[in-house]
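Please look through the sequence and the model below before reading on.

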Amino acid sequence: MKDALINRREFLRNLGVIGAGALLSMSPWLSVFSEVVETSGEKCRLAIIGTGSRGRFLMSFLLQNPKVEIVALCDIYQPSMEKALNLVREAKVYTDYRKVLENKTVDAVLVATPLNLHCQIVLDAFDAGKHVFCEKSIGFTMEECFRIYKKHISTGKVFFTGQQRLFDPRYIKAMEMIHAGTFGEINAIRTFWYRNGDWRREVPSSDLERLINWRLYREYSKGLMTELACHQLQIGSWALQELPVKVIGHGAITYWKDGREVYDNVSCIYVFENGKKMTFDSVISNKFYGLEEQIMGSLGTIELEKGKYYFENVPPAPGFLQMINEWENKVFDSLSFAGTSWAPETANGNNGEFILGERPKSDGTSLLLEAFVEAVITRKQPKRIAEEGYYASMLCLLGDRALQEQRTLSFPDEYKIDYLNHHSKADKQI
């Protein structure tokens, strides 16, 4: 555990923020690490509900934490369960999550099931007195997300969602710089996630198609919006400290015409009160541009996945390079070209700087799970982390509705919560 404490201290110190006050004002959920020494002898007894690839990925981090004891595993698909048992053989095995919730030794549950199952499991877990970590999106509909959030507030139980960027050092440092005005006024955020693959998993028999490839069917999933956009849309509210008021978009199946029901090509525009915009774009038939979140200010730009930033005005090129450029300009300016007289605005050649000196190796998943464990042990809900996860889910689901209905949609008033200043029962020790 000593190494983990050192790594956490280095993580916070290397962010180089102005001070603890500045750090906690933009990322108040980091306060969960304030009592890690006092909890060094305590345990979080955890149940994993959903032992598929995502559940096992999260288990791989949890098993490195000496404060975690995975006491139960639950899944209806035996091959997934067997793989999970290879990681933790002493856990009790269940096929019915309700039996897990009856287990008095379980302090908290991690829910990594198909999306359509999240809501009832989470609601039942809260009612059973369990703390909850739920993968995103937290609900299948906006109404389900609201019910989950209200139940979290009424029970006062700890509630985390799978938004690992909240604990990614690149993002935390970038947000400190943004809120300090380093990049001027932010007027646009562009997010995209491009892949080239059919998103299918191999199935041993046709009757298991929907169980294994649930992400491809509307009965269980909202496709790219809930699986990918949910991560990126949270960046907008974090950076701008406000929520978009409406969304428009378009979605279609343009390439993978293989019986799937979810779109393989989506685009959404989220508009804020003052006209600022955030876009999300995804196709899974071309991966050239990959994954990125670009935050554009009047003085500079941040590329969060690369962990780099670029100022609008760059220093002049070194003398020799400048001389070469001037020579090339003279040569080409002397040639005659037919066409328009305007010069195109090409992308800036600025190579930028790394936010933290280099690209971090972690995406925040380890620290997110460590924070959840600390919160369960102390029984204290970190401020705003539930709200960040709630709105990330709500925005991707609102975008999906806009795609389906092919019209502009406003954020429903009945689902709004106090985003920045909310204090729940769980803020206090239970």
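## Tyrosine 309 and phenylalanine 311

Tyrosine 309 counts as buried because its relative accessibility is 16%, where buried means under 20% relative accessible area, exposed means over 50% and partly exposed lies in between, with a 1.4 Å probe and protein chains only. Phenylalanine 311, with a relative accessible area of 36%, is partly exposed. The model is predicted, so local features need pLDDT of at least 70 and side-chain atom pairs count only at pLDDT 80 or more, whereas totals for chains, interfaces and linings use all residues. Residues are numbered from 1 along each chain as its sequence is written, and side-chain values use heavy atoms, with hydrogens and water left out.

## Aromatic pairs

The structure holds 16 aromatic pairs; rings of Phe, Tyr and Trp (its six-membered ring) pair if their centres lie within 6.5 Å, and planes under 30 degrees apart count as stacked, over 60 as edge-to-face and the rest as tilted. One of these pairs joins tryptophan 29 and tryptophan 238, which are edge-to-face with 5.4 Å from centre to centre and 65 degrees between the planes. This pair links distant parts of the chain, 209 residues apart, since tryptophan 29 lies in the loop between helix 2 (20-26) and strand 1 (44-49) and tryptophan 238 lies in helix 10 (residues 224-240). Here helices (H or I, at least four residues) and strands (E, at least two) are DSSP runs, numbered from the N terminus.

Both tryptophan 29 and tryptophan 238 are buried. The rings of tyrosine 309 and phenylalanine 311 also form an edge-to-face pair, because their centres are 5.5 Å apart and their planes stand at 70 degrees.

## Serine 27

Serine 27 is placed in the loop between helix 2 and strand 1, and at 0% relative accessibility serine 27 counts as buried. Leaving aside residues up to four places away in sequence, serine 27 touches Ile172 and Trp238, where contact means heavy atoms within 4.5 Å.

## Helix 10

Just after helix 10, glutamine 241 takes a positive phi of about 60 degrees.
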